[in-house]
Amino acid sequence: MISFDLGVEDLADTRFGISPIHETVLSLRVLREPGLYALHLPWRRSVLGRLDGIDTALLMSLVGPERAVPDFLTPRPASFAATFDEELARVRRTPPDVVRRDLLAIYGRHRLPDVLSEVTTGGDDGVARLREAVCDLLAAYWEIAVRPTWSRMRLVLEADMTYRARQLAVGGARLLFADMHPNLRWHDGVLHIDKMIGRHRVAAAGRGLLLVPSVFAHKPAPPVSAEEPPWLAYPCRGVATLWLPAPTTDAGALTALLGAPRAGLLGLLDEPLATVEIARRLTVTPSAVSQHLRVLHATGLVTRARDGRHVLYRRSPLGDQLAGGGDGT
């Protein structure tokens, strides 16, 4: 059992984060043990055929015999929604002694597989080489297995956070943790996480609590190390809906909802475009385009970003869903 002592200030500083590298690493469990993750079988089937050229032996070795993964591969999110590349850069900076400690920890008394032999025979230089090989492999795996559906996953994660935030606001910590998972228990200011490999108690001591909803987590997953500040990945709600076929879009209904000009504009924005370029393609004035873009941006259907003197517009993930544009990646 791992426990977090949380004071009033820590509960007030409870916050949420999203971690693409966490999802990437935890998804490896689904590849290795599909029987335990029936909800993700459609995702697994779609991925298996695309892993040619990937070192699957090394990938699978990152999941221990008890399905634990190394802490250094799932760092505590440093911001609300860091990118995969930002998180991977942090992993690449992990000291060799920490890499060695975490890999040995997930195997415990079991023998390390041959692909991880550098952990015990290569010294710090060998462990550093292994760390780089693992990071390169995870970068390739992310592109193949997770990134194509990341925007869809993120919508599910953000929906869970909205629900949890409301639970906390309405009923405090007791209601927040009540239906999160059977392995979680809140009592007298202490959050207990049962059925864990480790056994320790961590005082938050003003550091707050970070909650990270996860598509691929099958149970709550705090850091194995007692030196980490309190944070917890947990299975998010709505996973059963994640791999359902996307509904087909009725172009006539979309036009009836938005009007023909805005529906046509939304359909055009599957790539970033400036106002003048949109106007050129639609053979209308830039001022007319600007009016429609303001409405689409205000309703969350398009995003915008400055590039030099121009502002570029593109469909948001919500806009992708509405326009039938796939996952928006």
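## Close-up views of a predicted model

**View 1. S214 and P235 meet across two strands.** In strand β7, P235 is the bridge partner of S214. The model shown here, and in each view that follows, is a predicted one.

**View 2. The open sheet takes in three strands.** Follow the order β2-β6-β7 to walk across this sheet, whose pairing is parallel. At its edges lie β2 (15-16) and β7 (231-235), each of which pairs on one side only. Helix α2, made of residues 20-32, packs on the sheet and touches β6 and β7. The direction of α2 makes about 50° with that of β6. Helix α9 (residues 150-178) packs on the sheet too, touching β2, β6 and β7. For α9, the angle with the direction of β6 is about 135°.

**View 3. Helix α3 has three buried residues to look for.** They are W43, R44 and V47, in a helix that spans residues 41-48. Why do they lie on the same side of α3? They cover an arc of only 100° around the axis, and so they share that side. The cover over the buried residues of α3 includes α2, α8 (123-146) and α9.

**View 4. H40 sits in the loop between α2 and α3**. Is H40 buried or exposed? Its relative accessible area is 4%, so H40 counts as buried. Look around H40 and, leaving aside neighbours within four places in sequence, you will find V30, V215, F216, V239 and W243 in contact with it.

**View 5. The largest nonpolar core brings together 71 residues**. Good landmarks are W43, M153, F177, L191 and L211, the residues with the most contacts inside this core. Helix α8 gives the most to the core, with ten residues. In soluble globular proteins, nonpolar side chains tend to be buried together.

**View 6. Two loop residues have a positive phi.** Most residues other than glycine have a negative phi. R67 is not a glycine, yet its phi is positive, at about 70°. You can find R67 in the loop between α4 (56-61) and α5 (84-92). With 25% relative accessibility, R67 counts as partly exposed. T283 is not a glycine either, and its phi is about 55°. This residue, T283, belongs to the loop between α12 (275-282) and α13 (286-298). T283 is exposed, its relative accessible area being 69%.

**View 7. Stepping back, the chain holds 14 helices and ten strands**. Its C-alpha trace spans about 70 × 50 × 40 Å along the principal axes. Of the 329 residues in the chain, 45% are buried. Among contacts with a separation of 6 or more, 69% come from residues 24 or more positions apart. The accessible surface of the chain comes to about 15900 Å², and carbon and sulfur atoms account for 54% of that surface.

How values were computed:
Residues numbered from 1 in each chain as written. Predicted model: local features only at pLDDT ≥ 70, side-chain atom pairs only at ≥ 80, totals over all residues. Heavy atoms only, no water. Pairing = 2+ DSSP bridges. Helix = DSSP H or I, 4+ residues; strand = E, 2+ residues; numbered from the N terminus. Contact = heavy atoms within 4.5 Å. Axes fitted to C-alpha atoms, helices over the stretch in contact; angles between N-to-C directions. Buried < 20%, exposed > 50% of the residue type's maximum accessible area, 1.4 Å probe, protein only. Arc of directions from axis to C-beta. Areas by Shrake-Rupley, 256 points an atom, 1.4 Å probe, with all protein chains shown as cover. Core = buried A, V, L, I, M, F, W, Y, C linked by side-chain atoms within 4.5 Å.
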